[in-house]
Amino acid sequence: MADIIQLLPDHVANQIAAGEVVQRPASVVKELLENAIDAGADAIKLIIKDGGKALIQVVDNGSGMSATDARLSFERHATSKIKNAEDLFKLTTKGFRGEALASIAAIAHVELLTKTETDEIGVQLKIEGSKLVSQEAIVTPKGTSFCVKNLFFNIPARRNFLKSNQVEFRHITDEFHRVALAHPNIQFHFYNNGSELFNLPKANYRQRIVGVFGNKTNEKLVPVEEETQVVKISGFITKPEFSKKSRGEQFFFVNDRFIKSPYLHHAVVSAFEGLIRSDSHPGYFLYLAIDPASIDINIHPTKTEIKFDDEHTLYAMLRSSIKHALGQFNVIPALDFEQDQNLETPYSYQNKHADVPKVVVDADFNPFAKDIPRSTSRPYFEKQTTIGWQNLYVGLESKVGKEADFSSVSFESESISGSIFKDDDLMMDHVSTTFQLKRKYIVTTIKSGMIIIDQSRAHQRVLYENFLKNITIKEAVSQQLLFPLRLSFSKTEIAIINEIKDSLVTLGFAFEAIEEEQIAISGVPLLVPESEVGMVLDQLISDFQMDVPGDSFSQSDIVSKTLSKSLAVKTGEQLDSESQSALVNNLFACKEYKISPFNKPIYITITGDDIDKKFF
Ligand code: ADP
Ligand code: MG
């Protein structure tokens, strides 16, 4: 047989490599920003158009390149950053693989302008799909400008695979945040579609974090400082009371490089244990400085994962330094028996004398009283659903006729549930009562046996259908707030709110103002308690973070789902018997009462036969 193996031509090899290095516009942004930093720039501009699909440009004032270097920089494995394998163990630069420019040039139209300090005149190169199109001498300031246009122009499959401009833009913003947070000593400008989004002057870490995430962030930050022989940890965590529903602001940097590490993340979260609810997330901006010889950055082509020689020690140090920080800033409650033994009294407390603790006794407390204490049951649940159903009929008034008023509510829902139970098996037992099992299920009897309902899923379904109907009939009832509720968000979060604003308005939210980093809400849907608004918006933002669907129907659907998930009673909540039966009735008045909005079964039935068999 004839020989069949041949070497791939360079441009094909480059395209294949590009698949690894360049997944989306944000990857190009990352590579170009890192190159600018490696070139020693102290001012960097990022310019984006149409989510990076039309244009990504990075302009720096770094070292620049000679004409020969400029040509060479687009070759594969062309790098100025390492010379031999040993260099891999003392890396101080972001790049070292020499692949980025070759890969980018293989799949886009690239224009490079560059000049060194000593050269009189600079050079301009144009490359399209690995082919040099032109090279000219040109007058340009010291530094480098990379223009990347028409990404994936020669790989339609990849181009079609890209998400909407907004989503791609958000990935770019994430990348920008990471780089800007890691390098406060560099000035950054970021322009999107012609308007300036960020202008970050040189600053310290705290100022940079505030510059990126907004002024409100400042009061949330607690400094973390710890220096040992293995690692120097510095940075900030957010105070427990500011922990969020979404996992937004969590950053690890190792030697100024953003990294992802589920293991170290766990160390941080475990330090917060007992201080925040299990479904909320602490924010952190942690900078670790470690001897480059004791880490291996090479295990991932995009270099966001690294391997540490001694992960366990790092884990322990990180955890204890965060506990320490929380303790020093008096964030941990005074009595914490689990506090680390080696933690000292917070400095400001050392010289204070100890007060005798006050004991407050409720003289009226009668442990034998029958009433369940109100606080443990869910006070607004019943009211909430009833109001919700009334809203529904308010919207339908014109259809039902002028006579329809709230007195028809009970009549209506009775007839609805009546019609549902034509399904004979589900026929509700008339003498049936309900009870709650493990604060999770509601058990009640039906003609054929018993039914066990997941309380949380049932309530999600009820709320979900309610919200959807409110949106479709566009007459959601909004409760006017006495004082507008002001909430702070980052610029990125505000962008998401703007995108889903219309759906929120049809639901009953009223926005008095949406500013750069703050919104003022003057009305909220009847079903959403004012105290929950912040939490609900947090959840919405985090659900929309990855993708905002363009069409309003799916937007409304996601909004309704998120709201129902956030507001539904949870496992562990005690419901009084009134609330239980209201929930059961409302559930079976739903259009689709069998599965939750998230496609989970809501109830199971156990028939008399099933039970008989057990006794056999
Ligand atoms: P790597 O960064 O891994 O070395 P790249 O393909 O990203 O590989 O870049 C190749 C080389 O081009 C770099 O090693 C550097 O010498 C040069 N280079 C790239 N970008 C710049 C820039 N903005 N300023 C100066 N030199 C640059
Ligand atoms: Mg590089």
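## Salt bridges

Asp42 forms a salt bridge with Lys202, their closest N and O atoms lying 2.8 Å apart, where a salt bridge is a side-chain nitrogen of Lys or Arg within 4 Å of a carboxyl oxygen of Asp or Glu. Asp42 sits in the loop between helix H2 (25–38) and strand S1 (43–49), and Lys202 in the loop between strand S8 (195–200) and helix H7 (205–213), so the pair ties together parts that are 160 residues apart in sequence; helices (H or I, at least four residues) and strands (E, at least two) are DSSP runs numbered from the N terminus. This is a predicted model, in which local features need pLDDT of at least 70 and side-chain atom pairs count only at pLDDT 80 or more, while totals for chains, interfaces and linings use all residues. Residues are numbered from 1 along each chain as its sequence is written, chains are lettered from A and ligands numbered from 1 in the order in which they are written, and side-chain values use heavy atoms, with hydrogens and water left out.

Across the whole structure, twelve salt bridges are found. One of them joins Asp557 to Lys561, with 3.2 Å between the closest N and O atoms, and these two residues, four apart in helix H15 (residues 552–567), are separated by about one helical turn. Another links Glu219 and Lys216 at 3.6 Å, N to O.

## Exposure of the paired residues

Buried here means under 20% relative accessible area, exposed over 50%, and partly exposed in between (1.4 Å probe, protein chains only). Asp42 is partly exposed at 32%, as are Glu219 at 41% and Lys216 at 43%.

## The largest cavity

The structure holds four cavities of 30 Å³ or more, a cavity being a set of points, on a 1 Å grid over the protein atoms alone, where a 1.4 Å probe fits but cannot get out. The largest has a volume of about 100 Å³, the volume being the space filled by probe spheres set on the points, which are joined across faces, edges and corners.

Its lining comprises 15 residues, of which Lys30, Glu34, Arg178, Val179 and Phe258 lie nearest the centre; lining residues have an atom within 4 Å of a point. H2, helix H6 (165–182) and strand S12 (257–259) each supply at least two lining residues, and H6 gives the most, with four.

How values were computed: On a 1 Å grid over the protein atoms alone, a cavity is a set of points where a 1.4 Å probe fits but cannot get out, and a pocket is an open set with protein on both sides within 12 Å along at least five of seven lines; lining residues have an atom within 4 Å of a point.
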